[in-house]
Amino acid sequence: MTDAANRVLIIGAGPVGLCLALKLAQDGVPSTVVEQLTDANFLDQVPRAGTNHPATLEMYDEIGLYRKLEPRGIIAPLFHYWDRAKNERIAEFDHAALKDDTRFPFALQCERIKIVEEALAMAKTNPLIDVLMGTNFVGFSQGSDGVIAFVETADGQKDRIAARYIVSAEGARSIVRKGCDIEFEGFTYSDRTLNIEVAYDFKQHGYTDRNYISDPDEWSNLFHWKGPPERWRVHFPTKPDEDEAELTRPDALQARLQGLLPTGKPFNIVGCNLYTVHQRVARKFRSGRAILAGDSAHVNSPIGGMGLNSGVHDAFNLADKLARIWRGEDADRLLDLYESQRRHIAVNSTQADTIRNKKLLAEKDPAVRQANHDSLKRQAEDPKLAREFLLRTSLINSVREAARIP
Ligand SMILES: Cc1cc2nc3c(=O)[nH]c(=O)nc-3n(C[C@H](O)[C@H](O)[C@H](O)COP(=O)(O)OP(=O)(O)OC[C@H]3O[C@@H](n4cnc5c(N)ncnc54)[C@H](O)[C@@H]3O)c2cc1C
C-alpha cells in the first residue's frame with residue numbers, strides 16, 4: 001500500500017462521517033471524506049435531527065465542536081411528558097439530577113444542519129483530513145490489504161480512491177451496505193410522521209423546550225429551535241393511506257395544530273414535511289475492510305432523539321478502534337469489538353427504547369395509559385429514580401454499557 005492510501009476513506013459528510021474524521025485526526029489518523037453535495041448546495045439540506053444528549057455533548061467537546069454549537073442552539077435542562085386529552089403535564093424531568101454524572105446536565109437543541117456546517121468547516125482546515133465535495137461514491141472493491149472506491153465528480157469525471165478501510169457514513173441508503181449484501185433487518189411503520197414547523201411561543205402555555213405529548217388518537221412531539229426563524233417543531237402521526245397533498249394543505253395543517261392547542265387564531269406555519277419511519281439494524285456492521293456507522297447501520301423513529309446521537313457514538317467508538325489499529329493492535333479483533341459493542345446498543349437500547357417511546361405516547365388502553373403516566377410521575381418525583389431514568393434517556397448508560405462489552 002502506498003503512503004497516500006494509508007488512510008481511512010469515509011463516505012458522507014453527515015454528522016457521523018465528520019465526527020469520525022475529526023476524532024481520527026485528533027488521534028493522528030488521516031482520512032478522506034467524500035460528499036456528494038457541493039459547497040454550493042451543502043447548506044440547502046433540511047435541518048433534521050436536533051436534540052443532542054449529554055453523552056453526545058461530551059464527545060463534541062472532546063473534538064472542539066461543542067463550543068461552536070452552543071451559541072447556535074438552546075440549552076434545554078428540562079423535558080416534559082403531557083397528557084393531551086386532560087391538557088395536563090404528567091411529568092417534568094430535570095437533567096440537573098445528572099450533575100455528578102456529566103459536565104453537560106442538559107440537552108442541546110441544535111439541528112443537524114448547524115452541526116454539519118460547523119464540523120465541515122473544522123474538517124476542511126485540518127491537515128489530516130481531505131474533504132472531497134461534489135463527489136458521488138458509486139461502488140468499491142476490497143482486497144487483503146486495502147479498498148478501492150469508485151467515485152464520480154460533479155462534472156462527470158470518474159475516479160478511483162485507494163484506502164486502508166472504507167467507512168459507510170452515507171446514511172440509510174448505504175451503497176456499501178448493499179454492496180456487501182448485508183441485510184437491513186427490521187420493519188417500517190405503516191403510518192408516516194407529519195412534521196410542522198411553527199413560529200409561536202408555546203412556553204406561554206406551560207410547555208418546556210422538549211415535550212412528549214401522549215394521546216390515544218394523535219400523539220405529538222413538540223420541540224423548540226433557535227432562530228432565525230425562532231420556531232417549534234410539532235410531530236403528528238398520520239393514517240397509512242392518507243394522501244400527502246391533502247395532509248399538507250394549509251387548512252389541514254392549521255386544523256391539526258388547533259386540535260393540539262385551540263388558540264382560535266391561525267398559527268404562523270414556516271414549513272412542513274412528511275416522512276416514513278423505519279426501525280432497522282444491519283445484520284453486520286462490518287464486512288472485511290468495509291465498516292458501517294450511523295444511519296447506514298441503524299435507523300429508528302425520532303421519538304427520543306436517538307438516531308443522530310447513537311450514530312455519533314458509533315463514530316467515536318470506531319475512531320478509538322481504528323486509532324489502535326494504526327498503532328499496531330490486532331485489526332480483526334478491534335473491528336469485531338466495534339461491531340459487537342455498537343450493534344448490541346443499536347438492538348437492545350436504541351431500537352428497544354424508540355419502539356417503547358412510541359408505544360408509550362400512542363397507548364390506547366385507558367388502564368395501561370394511566371399506569372404508564374403514574375409510573376412516569378413516580379420516576380420524575382423520586383430523585384433516585386429520576387437519575388436512573390435520565391441516565392438512560394441521556395444515553396450515558398448506553399455508552400457505559402458498550403464499553404463493558406469485552
Ligand atoms: C425529520 C427528522 C428529525 C430527526 N430528529 C432527530 C433527533 O432529534 N435526534 C436524533 O438523534 N436523530 C434525529 N433524526 C435522525 C438523524 O437525522 C440521523 O440519524 C442522522 O442525520 C444520521 O447521520 P449520518 O451521518 O449517519 O447520515 P446522514 O445525516 O444521512 O448523512 C449522510 C451524508 O452522506 C452523503 N451521501 C449519501 N450518499 C452518498 C454517496 N453515494 N456519495 C457521497 N456522499 C453521500 C449525504 O449527502 C449526507 O451528507 C431525525 C431525522 C429526521 C428525518
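Start by selecting residues 78-83, strand E5, and then E6 beside it: six bridges join the two, and they run antiparallel. Strands here are DSSP runs of E, at least two residues long, while helices are runs of H or I of at least four, all numbered from the N terminus. Two strands count as paired if DSSP finds at least two bridges between them. Click on Tyr81 and you'll see Ala91 of E6 standing opposite.

A quick word on what you have open. This is a predicted model, in which local features need pLDDT of at least 70 and side-chain atom pairs count only at pLDDT 80 or more, though totals for chains, interfaces and linings use all residues. Residues are numbered from 1 along each chain as its sequence is written.

Now widen the selection to the whole sheet. It is open, has seven strands in the order E6-E5-E15-E16-E17-E14-E18, and its pairing is mixed. At the edges sit E6 (88-94) and E18 (268-275), each pairing on one side only. From one strand to the next, the twist averages 20 degrees.

Select 366-381 for helix H10, which lies across E5 and E6 at about 35 degrees to E6. Then pick 250-260, helix H7: it lies across E14, E16, E17 and E18, at about 80 degrees to E14. (Contact means C-beta atoms, placed from the backbone, within 7 Å; axes are lines fitted to C-alpha atoms, for helices over the stretch in contact, and angles run from 0 to 180 degrees between N-to-C directions.)

Move on to helix H8, residues 307-326. Of its 20 residues, 15 are buried, so H8 is largely enclosed by the rest of the structure. (Buried means 20 or more other C-beta atoms within 10 Å of a residue's own, exposed 12 or fewer, partly exposed in between, with C-beta atoms placed from the backbone.) After H8 comes Gly328, with a positive phi near 105 degrees.

H8 also leads you to the ligand: this helix gives the shell its largest share, four residues. Which residues come nearest to the ligand? Of the 33 around it, they are Gly12, Gly14, Gly171, Gly294 and Gly307. (A residue is near if its C-beta atom, placed from the backbone, lies within 6 Å.)

Last stop: Leu37, in the loop between strands E2 (31-34) and E3 (51-52). Leu37 counts as buried because it has 20 C-beta neighbours inside 10 Å. Leaving out residues up to four places away in sequence, Leu37 touches Phe42 and Met133.

How values were computed:
Contact = placed C-beta atoms within 7 Å.
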